[in-house]
Amino acid sequence: QQVELYQTYYFNKDYPNILLLGFSESTDKGKWSYGNLAKISFTLPKVSFPVELEFKLGAYINQHNPVITVEPSINDVHYNTWRFENNKNSSQRTLLVFPKYVGNSGKVVVSFNIKGIKSPHELGYGNNINKLGLFIEEVKIKPKH
């Protein structure tokens, strides 16, 4: 099933047309990635122009785990590296989906390779043993202006 273009998807709920791998169950604000790799997969309608994916997100960083890096890719095409640092957190990141990387199928797989993850338990913050990386609140799919 295709994703509607130009829509915002909130990660505090589930959508039948978006497949997630490596993410927690929804919380009231979003979803945590568990482990070093997380993926979001969906199908876009055929377009002849770039589509922007604008993420509202954060990372599991604090004084005991001050840096997490994320290498996003779309359909195995690597983009820049995102660096999340304690006290320097930016909550928005953007990726461009170029038509040549999508092909006729419209399938889009956004992969996040995450380094520097720790569990709250490892850091002395409780019993959660899941290694937390990204916390995604929403993704906006919109045309690139």
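Biologist: What does Gln 2 touch, not counting residues up to four places away in sequence?
Modeller: Gln 2 touches Asn 17, Thr 43, Leu 44 and Pro 45, where contact means heavy atoms within 4.5 Å. This is a predicted model: local features need pLDDT of at least 70, side-chain atom pairs count only at pLDDT 80 or more, and totals for chains, interfaces and linings use all residues. Residues are numbered from 1 along each chain as its sequence is written, and side-chain values use heavy atoms, with hydrogens and water left out.

Biologist: Where does Gln 2 lie?
Modeller: In the segment before strand 1 (7-10). Strands (E, at least two residues) and helices (H or I, at least four) are DSSP runs, numbered from the N terminus.

Biologist: Is Gln 2 buried, exposed or partly exposed, and why?
Modeller: Gln 2 counts as partly exposed because its relative accessibility is 45%. Buried means under 20% relative accessible area, exposed over 50%, and partly exposed in between (1.4 Å probe, protein chains only).

Biologist: Switching topic: what about Ser 41, which strand has it?
Modeller: Ser 41 is in strand 4, and at 15% relative accessibility it is buried. Leaving aside neighbours within four places in sequence, Ser 41 is in contact with Asn 17, Ile 18, Leu 19, Lys 107, Val 108 and Val 109.

Biologist: And Ser 73, buried or exposed?
Modeller: Ser 73 counts as buried, at 8% relative accessibility. Ser 73 sits in strand 6 and, with residues up to four places away in sequence not counted, touches His 78, Tyr 79, Val 109, Val 110 and Ser 111.

Biologist: Now the core. How many residues has the largest nonpolar one?
Modeller: It has 38 residues, and those with the most contacts inside it are Ile 40, Phe 42, Leu 53, Phe 55, Val 110 and Phe 112. A nonpolar core here is a set of buried Ala, Val, Leu, Ile, Met, Phe, Trp, Tyr and Cys residues joined through side-chain atoms within 4.5 Å.

Biologist: Which strands each supply at least two residues of this core?
Modeller: Strand 4 (37-43), strand 5 (51-59), strand 6 (67-74), strand 8 (82-85), strand 9 (92-97), strand 10 (107-115) and strand 11 (132-143).

Biologist: What is Leu 53 in contact with?
Modeller: Leaving aside neighbours within four places in sequence, the partners of Leu 53 include Phe 42, Ile 74, Leu 95, Val 97, Val 110, Val 139 and Ile 141. Arg 93, Thr 94 and Lys 140 are also among them.

Biologist: How exposed are they?
Modeller: Asn 75 is partly exposed, with a relative accessible area of 21%, whereas Asp 76 is exposed at 75%.
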